[in-house]
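Reader: I'm new to looking at protein models, and I'd like to learn how to read one. Could you walk me through it?

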Amino acid sequence: MRKVIINILISFPLFWFIYIWCISFFNMNINVDFIPELIWFLLFFIGTPLMWVLGSIYTFYKKLWYWFGMYMLLGGVPVATYFILSVAHSYF
């Protein structure tokens, strides 16, 4: 039972990353009116990098390589792109 709960908790950020991929990179118009605007802003700009860092550290520490790879693929690319582009934009 504990393993099922851990897998569910690990999968929540991955579903969030898939959602971000759909609305940001694939320009899918998904209705998010059920989330208040302030919570959406905080979750997107603060929660996403935080979920990525914590999930990556946990999966690396526990040697869950499949989960770690998924975190790197789904979460690492948007987070790294955001930070790289923001730094590059500030210099150029």
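This is a predicted model: local features need pLDDT of at least 70, side-chain atom pairs count only at pLDDT 80 or more; totals for chains, interfaces and linings use all residues.

Reader: How do I describe a pair of aromatic rings?

Author: You give the distance of the centres and the angle of the planes. Searching the whole structure turns up six aromatic pairs. Take Tyr-66 and Trp-67: their ring centres are 6.3 Å apart and their planes stand at 75°, so this pair is edge-to-face. There's also a cluster, in which ring pairs link Phe-60, Trp-65 and Phe-68.

Reader: Let's zoom out. How many helices and strands does the chain have?

Author: You'll find three helices and zero strands, and along the sequence that reads as α-α-α. The C-alpha atoms fill a box of roughly 45 × 35 × 20 Å along the principal axes.

Reader: Which residues does UniProt list as "transmembrane region"?

Author: The unreviewed UniProt entry lists residues 6–26, 38–58 and 64–85 under that name. Now compare the record with the model. Residues 6–26 come out as 95% helix and 0% strand, with the end C-alpha atoms 30 Å apart. Residues 38–58 are 100% helix and 0% strand, and there the end C-alpha atoms lie 28 Å apart.

Reader: What share of the residues is buried?

Author: Of the 92 residues in the chain, 28% are buried. As for the surface, the accessible area is about 7,100 Å², and 76% of it belongs to carbon and sulfur atoms.

Reader: Which residues make up the largest nonpolar core?

Author: That core has eleven residues, among them Ile-10, Trp-52, Trp-67 and Tyr-71. Helix H1 (2–25) and helix H3 (65–91) are the elements that give two or more residues to this core, and H1 gives the most, with seven.

Reader: Which residues does Ile-10 touch?

Author: Leaving out residues up to four places away in sequence, Ile-10 touches Tyr-58, Thr-59, Leu-64, Trp-67 and Tyr-71. Across the chain, residues 24 or more positions apart account for 63% of the contacts with a separation of 6 or more.

Reader: Where does Thr-59 lie?

Author: Thr-59 lies in helix H2. With 0% relative accessibility, Thr-59 counts as buried. A polar atom of its side chain lies 3.2 Å from the backbone oxygen of Ser-56.

Reader: One last thing: what should I look for in the backbone angle phi?

Author: Most residues other than glycine have a negative phi. Lys-63 has a phi near 60°, which is a positive value in a residue other than glycine.

Reader: Where does Lys-63 lie, and is Lys-63 buried or exposed?

Author: Look in the loop between helix H2 (37–61) and H3. Lys-63 has 59% relative accessibility, so Lys-63 counts as exposed.

Technical notes. Residues are numbered from 1 along each chain as its sequence is written. Side-chain values use heavy atoms; hydrogens and water are left out. Rings of Phe, Tyr and Trp (its six-membered ring) pair if their centres lie within 6.5 Å; planes under 30 degrees apart count as stacked, over 60 as edge-to-face and the rest as tilted. UniProt positions are given in the numbering used here, feature names are shortened, and annotations may be inferred rather than shown by experiment. Helices (H or I, at least four residues) and strands (E, at least two) are DSSP runs, numbered from the N terminus. A nonpolar core is a set of buried Ala, Val, Leu, Ile, Met, Phe, Trp, Tyr and Cys residues joined through side-chain atoms within 4.5 Å. Buried means under 20% relative accessible area, exposed over 50%, partly exposed in between (1.4 Å probe, protein chains only). Contact means heavy atoms within 4.5 Å. A polar contact is a pair of N or O atoms within 3.5 Å; within protein, one must be able to donate a hydrogen and the other to accept it, and residues adjacent in sequence count only if both atoms are side-chain atoms. Accessible areas come from the Shrake-Rupley method with a 1.4 Å probe; for residues, only the protein chains shown count as cover.
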